[in-house]
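This report goes through one protein chain, residue by residue where that helps.

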Amino acid sequence: MRFTPDEIAAAAATIYDHMPPTPQFAWPLLAQRVGAEVWVKHENHTPTGAFKIRGGITFIDWLRRHHPEVRGIVTATRGNHGQAQARAAIKAGLTAKIFVPFGNSPEKNAAMRAFGAEVVEAGADFDAAKAAAADAAETEGLYPVPAFHPALVCGVATYALELFAAVADLDTVYVPIGCGSGLCGTILARDALGLKTEVVGVVSTEAAAAKLSFEAGRIIPTASANTFADGMAVRVPVPAAFEIYSKGAARILAVTDAEIAAAMRALYEDTHNLAEGSGAAAFAALMQERDRQQGKKVAVILSGANIDRDMAAQVFAGSDMTPAVAQVA
């Protein structure tokens with residue numbers, strides 16, 4: 001999969017019919033904390049509170065052009081992908097059926113329903129919900145929306161295009177990994193522009209399949225993905241995404257739930273922006289590598305802000321959010 005700058009710009013034009021570009025700011029308190037010039041790409045500032053909206057818009061646009069016979073979609077999510085697809089599908093006159101695992105975020109479930117989706121609980125985790133969604137596509141005649149597709153990834157790549165256009169000579173960009181559209185979109189935008197910026201992926205230590213696969217050079221699933229950072233709670237890497245980040249990422253780092261919680265608190269203290277767990281993971285990884293990044297120009301993707309109030313309260317009360325103490329929603 002490759003994109004030209006014109007292809008990403010065309011995706012951006014489609015997206016800007018629905019939302020403006022998101023900002024990127026260099027925050028001085030983050031710079032003091034890290035010892036580097038730190039830019040934050042604020043994907044928390046979208047109509048769904050997360051970067052996934054971009055891929056939702058471009059995927060549904062592709063679907064309506066290439067499959068006008070489709071009347072409804074089905075997909076699986078922990079919340080942000082589902083909100084994006086539901087919003088775009090309903091606006092396009094389609095139905096949207098979204099599968100989530102049991103115990104999924106009540107507030108993300110409510111948001112998906114508010115956008116017009118039917119939300120169905122199935123399975124113990126994202127990958128089990130994904131299997132249930134695939135079954136529904138077969139039995140109910142719904143179009144299965146994958147978490148990774150060229151039209152979707154090209155949409156996601158627009159946030160990286162915005163960032164690279166606004167901030168010259170970035171040394172490194174840190175990107176959280178769930179199914180991989182954000183990391184791959186950033187890599188593909190960088191490559192389309194011919195830049196030398198390092199792109200570093202970030203996983204949870206409790207959902208490290210992408211890191212394990214990257215280091216082994218082959219797909220390695222994990223038995224569980226028990227992290228409160230639900231946007232990264234994926235057990236099985238997407239092969240098409242692995243093909244891109246296995247070649248294009250500089251490295252993949254793993255951050256603990258405690259490091260993610262600390263990064264959430266730091267982002268709020270220094271910028272007064274709320275980040276969900278996966279949204280703070282990139283900054284947690286930068287904190288791991290702050291000695292390496294002294295005096296450099298770096299960026300982190302704040303990929304979303306959709307954390308339930310009760311969970312946010314635990315984080316801001318000082319919890320390290322390890323599975324033994326966190327009430328994982």
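## Aromatic contacts

The model is predicted. In it, F59 is buried, as its relative accessible area of 0% is under the 20% cut-off.

Six aromatic pairs turn up in a search of the whole structure. In the pair of F59 and Y143, the ring centres are 6.3 Å apart and the planes meet at 50°, so the pair is classed as tilted. Because F59 belongs to helix α3 (residues 52-66) and Y143 to strand β6 (residues 143-144), the pair ties together parts that are 84 residues apart in sequence. F59 and Y143 also form one aromatic cluster with W62.

## Domains

The domain assignment divides the chain into domain 1 (5-51 + 150-317) and domain 2 (71-141). The C-alpha centres of domain 1 and domain 2 are 23 Å apart. Their contact involves 16 residues from domain 1 and 17 residues from domain 2.

## The largest cavity

Rolling a probe the size of a water molecule over the atoms shows where empty space is left. In this model the count is three cavities of 30 Å³ or more. The volume of the largest cavity is about 300 Å³. Its lining consists of 26 residues, of which K52, G178, C179, G231 and M232 are the closest to the centre. Helix α4 (80-91), strand β7 (172-176) and helix α8 (181-193) are the elements that each give two or more residues to this lining.

By residue type, the lining of the largest cavity comprises 11 nonpolar, 11 polar and four charged residues.

## Helix α9

S213 is part of helix α9 (residues 209-216). With a relative accessible area of 0%, S213 is buried. Apart from neighbours within four places in sequence, the contacts of S213 are R218, I219, I220, P237 and F242.

The buried residues of α9 are A209, A210, K211 and S213. Among the elements that cover them are β8 (198-204), α10 (239-248) and β9 (251-255). Just after α9, G217 has a positive phi of about 75°.

## Selected positions elsewhere

K97 is located in strand β4 (residues 95-100). Its relative accessible area is 13%, so K97 is buried under the 20% cut-off. Leaving out residues up to four places away in sequence, K97 touches I73, V74, T75, E118, V120, E140 and L142. E37 is found in strand β2 (residues 37-42) and is partly exposed, with a relative accessible area of 34%. E37 touches K296, K297 and V298, again not counting residues up to four places away in sequence. Between E37 and V298 the C-alpha to C-alpha distance is 6.1 Å, while the two are 261 residues apart in sequence.

P21 sits in the loop between α1 (5-15) and β1 (24-26). P21 is partly exposed, at a relative accessible area of 45%. The residues that P21 touches, not counting those up to four places away in sequence, are Y16 and E162. P21 and L163 are 142 residues apart in sequence, with a C-alpha to C-alpha distance of 9.8 Å.

Technical notes
Residues numbered from 1 in each chain as written. Predicted model: local features only at pLDDT ≥ 70, side-chain atom pairs only at ≥ 80, totals over all residues. Heavy atoms only, no water. 1 Å grid on protein atoms, 1.4 Å probe; cavity = no way out; pocket = protein on both sides within 12 Å on 5 of 7 lines; lining within 4 Å. Points joined across faces, edges and corners; volume = space filled by probe spheres on them. Helix = DSSP H or I, 4+ residues; strand = E, 2+ residues; numbered from the N terminus. Nonpolar A, V, L, I, M, F, W, Y, C, P; charged D, E, K, R; others polar. Phe/Tyr/Trp six-rings, centres within 6.5 Å; stacked < 30°, edge-to-face > 60°. Buried < 20%, exposed > 50% of the residue type's maximum accessible area, 1.4 Å probe, protein only. Domains from an automatic or database assignment. Contact = heavy atoms within 4.5 Å.
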